[in-house]
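Hi,

Here is the structure I said I would pass on.

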Amino acid sequence: MNILCAGLNHQNAPVEIREKFAIGGSDLGETLAAVRTIDGLSGAVILSTCNRVEFYASSVCPVRAFDGLKELLHERTGYDAPLYFHDTPRSVRHLFRVASGLDSMVLGETEILGQVKKAYSSAAELGATTTHLNKLFQHAFRVAKHVRTETQITRGATSVGSVAVELAGKIFGDLTGRRIMILGAGDTSERTARSLVSRGVKTVIVSNRTFDRAARLAEEIGGLAIHFDHWQNAFSDVDILICSTAAPHPIITAEKLQPLLRERGGRPLFVIDLAVPRDVEPSVNELEGVFLYDIDSLEGIVRQSLDIRRGDLVRCEQMITDHVGAFVSWLRRHHEISR
Amino acid sequence: MDRLLLIAATLCFLASFGYTLYALGAGRFTPGRVNFVAILTGFFFQTGFLYLRGQAEGSCPLNTLFDVLIFQSWALVLIYLLVGPTYRLSLLGAFTAPLAFFLILIALIAPINSAPVRRVVTSPWIELHAAFSIIAYGAFGLAGIAGVMYLVQERQLKNHKASPLLYNLPPINDLAVANHRLVWLGFGLLTFGFAAGFASSMPVNTTKFWASSSLWLIYGALLVLARLRSLAPRRLAVLSIGVFGLAMVALPGIQYLSSRP
């Protein structure tokens, strides 16, 4: 028995092509049933996400099954799918890499594991899996867990918003009940604030030169709008300050901040400066208890996180190689016993 | 037998320290169970040693500088085991193990008398005074370690470095809280130790009294200033490291003075 993997992903097909072959939840049962009628194919799992559409199947004759699959997809969409094709052991390796996030657009992302789990459980519920596929997917989940816990592949945040959340966690620990002030109601500051609110930040104060815009944003995210001239009055309780005004010069200087810090009783202050030109003078980072991050430093952390992940890629691949070996041995043993 | 227990404890702390260095070298700074088990095992060996030592000396084993160093190391680990899990500061163990190890190592290799010295217990208050005073320094030691962790984490955050250390060290705010509370704990224990000393009505060595009182006053001043918000967490971290360092340097002197009539 062989494990077949065929599909297309972000590496070999642009979104215009991928969307033509995407299989939604409502089509899954019907598509799986059609796939299982392909000659030489005994069971199948379909993984369809925004970045990939993949078919995993157990088959006695993978090449014939692959041709059948291509024909089926052509019939259903009217297009020739630019499918890649892997046979055992490469198919096993491919699934293990996918489940571990090594084949993802953002290296090491963890959402894919949930999607693989969902694809497998949907196929299992529809009775489309076989002993080999069951064993393969269970093993894939173990591999993903092993890779995640033993390496740095999921380490760090990979977007500006998630970096801000992670840094806030490293400064304050629990974010519940923390207060944010937004100076300048821009899109990025709104997204960053939303990321923080999703982690338990309670109060959001929005201040903008145009008060209506501040009021609108405050209403959307459940905050409070104040006039731009009064932001300093509400500053003493703030833990996180997000700046993204269109001011041509820094609006926050060390000189201006120092007297305000005295009222804070040594509580740390996290300043996120998303504006270009910058709203906060760099020397503010030298003030005791103040942690200033501008857009470059946040993006720098994204790059560092990706570098940390890439640095562990060789170890991940080695771990996967070991697991592929173990699975292929099981497959052979199982085949011999079955004979 | 007692010497063997001490060597076993030393090896446990060394193992924990070595594991931390290995994990750091491998870029996987994730100490946890390994460090904790090694430290816990070392603590049991140390406790066994101190029990046998106490039997041999017929009193709380704090009669020589050798005893004080071992007891100090034990107190440090005791406070870590009590406080570390409460504050979820598992990484504190990674920093505690080397300090506990070096204290025992100094005791073992320094040219000091390591033979048991028998002493007749005249008042239980004296034993409490000695024990609580040393355990207080265990808390101050741990406060110093939390201070070091605070400064390391602050450096990571200020320099915008996404290193494994940043992700594995506790949040800087938690470290500031732990640092402050450990100074409080040490101060409380030391105050009790002093009170027990006064209750025992033992003869007071003037130099020892003023040296110990100065340390008590310095820690008290730190807490008052922190309470008045005149001492930012960073300064408390720096000062708790500095004052503990000073105490460690002063400890042999205090011990020498206390051994004189």
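Chain A has a radius of gyration of 26 Å, whereas a compact globule of 339 residues would come in near 20 Å. Keep in mind that this is a predicted model. Along the principal axes, the C-alpha trace of chain A runs to about 80 × 40 × 30 Å. As for what it is built from, I get twelve helices and ten strands in chain A. Buried residues account for 44% of its 339 residues. If you take contacts in chain A between residues at least 6 apart in sequence, 73% of them link residues at least 24 apart.

Now the packing. The largest nonpolar core has 125 residues, and those touching the most other members are Ala168(A), Val271(A), Ile70(B), Ala139(B), Leu142(B) and Ala146(B). Helix α5(B) gives this core its largest share, with 16 residues. There is also another core lying apart from it, with 49 residues, including Ala6(A), Leu47(A), Ala128(A) and Ile153(A).

Back to Ala168(A) for a moment: who does it touch, leaving aside neighbours within four places in sequence? Its contacts there are Leu175(A), Leu196(A), Ile240(A) and Phe270(A).

I also checked the length of α5 in chain B, residues 124-158. With 35 residues at 1.5 Å a residue it should span 51 Å, and its end C-alpha atoms sit 50 Å apart, so the two agree. Just after α5(B), have a look at His160(B), which takes a positive phi of about 60°.

Cheers

Note on methods:
Residues are numbered from 1 along each chain as its sequence is written. Chains are lettered from A and ligands numbered from 1 in the order in which they are written. This is a predicted model: local features need pLDDT of at least 70, side-chain atom pairs count only at pLDDT 80 or more; totals for chains, interfaces and linings use all residues. Helices (H or I, at least four residues) and strands (E, at least two) are DSSP runs, numbered from the N terminus. The expected span of a helix is 1.5 Å times one less than its number of residues. The radius of gyration is taken over C-alpha atoms; the globule rule is 2.2 Å times the number of residues to the power 0.38. A residue is buried if 20 or more other C-beta atoms lie within 10 Å of its own, exposed if 12 or fewer, and partly exposed in between; C-beta atoms are placed from the backbone. Two residues are in contact if their C-beta atoms, placed from the backbone, lie within 7 Å. A nonpolar core is a set of buried Ala, Val, Leu, Ile, Met, Phe, Trp, Tyr and Cys residues joined through C-beta atoms within 7 Å.
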